[in-house]
Amino acid sequence: MLELDHIAVAGTELGSAVAFCEAALGVSMGPGGRHARYGTWNRLLGLAPQLYLEAIAIDPAAPAPPDPRWFGLDGFAGPARLDKWICRVPDMDAAIAALPMAGRRVDLERDGLRWSMAVPEDGQLPFDGLFPALIQWHVAEPPGQSLPPSGLYLRALRVIHPRVGDVQALLAPYLAAPLVGFETGPEPRLVAEIDGPGGPVVL
């Protein structure tokens, strides 16, 4: 079963991803950390109901990883934007067996957090990056539960793609994420509808 875990804003640098989030939401991003395995770093923000928002980019101080970075960050270009959605699974090996296009299992840890991700060999998720990344947490309280509340609430996440029916068909037997909707559109993109301190906003 796939459940929505978090959403990610990517940038060519972390500062631009953070600035995009803060300008849109009117809330300061919290701290994050570095991912030595992929040479990236992030900052996080709690997002109800038991989700979170991640700003992520290549860490310029980190050595290049031995293979392509996750989330397609090696090829990311343009302004910071909502770029990925990440689904939690209870058994990563079973999830990859069911959805092999999600990638191979990679085990990771930082600052007391331990988790597994499904990462494609080339770092690029299918369907122009709009297939969900898969994560399995190996801690009692993942960030969606442990981060302090921000006053932000995700109302809906829309996955828009010219071939969105193909995405839906692959995920339908496994996806349990009532906040996620699918729409056909000419350009692949994600749209998040969020209620915040200043009223509703769209990422």
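Here's a quick briefing on the cavity and the salt bridges in this structure. Keep in mind that the model is predicted. A search of the whole structure turns up 1 cavity of 30 Å³ or more, and the salt bridges come to 16.

**The cavity**

- The largest cavity holds about 140 Å³ of space.
- Its lining is made up of 16 residues, and H35, N42, Y52, E54 and W115 sit closest to the centre.
- At least two lining residues come from each of β3 (40-47), β4 (51-58), β7 (113-119) and β8 (133-137).
- Sorted by class, that lining has 11 nonpolar, 3 polar and 2 charged residues.

**The D67–R37 salt bridge**

- D67 pairs up with R37, with 2.9 Å between the closest N and O atoms.
- This one links distant parts of the chain, 30 residues apart: D67 is in the loop between β4 and β5 (81-88), while R37 is in the loop between β2 (32-35) and β3.
- D67 has a relative accessible area of 18%, so it counts as buried, whereas R37, at 28%, is partly exposed.

**The E183–R158 salt bridge**

- E183 and R158 also form a salt bridge, and their closest N and O atoms are 3.3 Å apart.
- Because E183 belongs to strand β10 (residues 180-184) and R158 to strand β9 (residues 153-161), the pair ties together parts that are 25 residues apart in sequence.
- Both ends are partly exposed, with relative accessibility at 31% for E183 and 23% for R158.

- D83 and K84 meet through their side chains in a salt bridge, 2.6 Å from N to O, and both residues are buried.

Notes. Residues are numbered from 1 along each chain as its sequence is written. This is a predicted model: local features need pLDDT of at least 70, side-chain atom pairs count only at pLDDT 80 or more; totals for chains, interfaces and linings use all residues. Side-chain values use heavy atoms; hydrogens and water are left out. On a 1 Å grid over the protein atoms alone, a cavity is a set of points where a 1.4 Å probe fits but cannot get out, and a pocket is an open set with protein on both sides within 12 Å along at least five of seven lines; lining residues have an atom within 4 Å of a point. Grid points are joined across faces, edges and corners, and a volume is the space filled by probe spheres set on the points. Helices (H or I, at least four residues) and strands (E, at least two) are DSSP runs, numbered from the N terminus. Ala, Val, Leu, Ile, Met, Phe, Trp, Tyr, Cys and Pro count as nonpolar, Asp, Glu, Lys and Arg as charged, and the others, Gly among them, as polar. A salt bridge is a side-chain nitrogen of Lys or Arg within 4 Å of a carboxyl oxygen of Asp or Glu. Buried means under 20% relative accessible area, exposed over 50%, partly exposed in between (1.4 Å probe, protein chains only).
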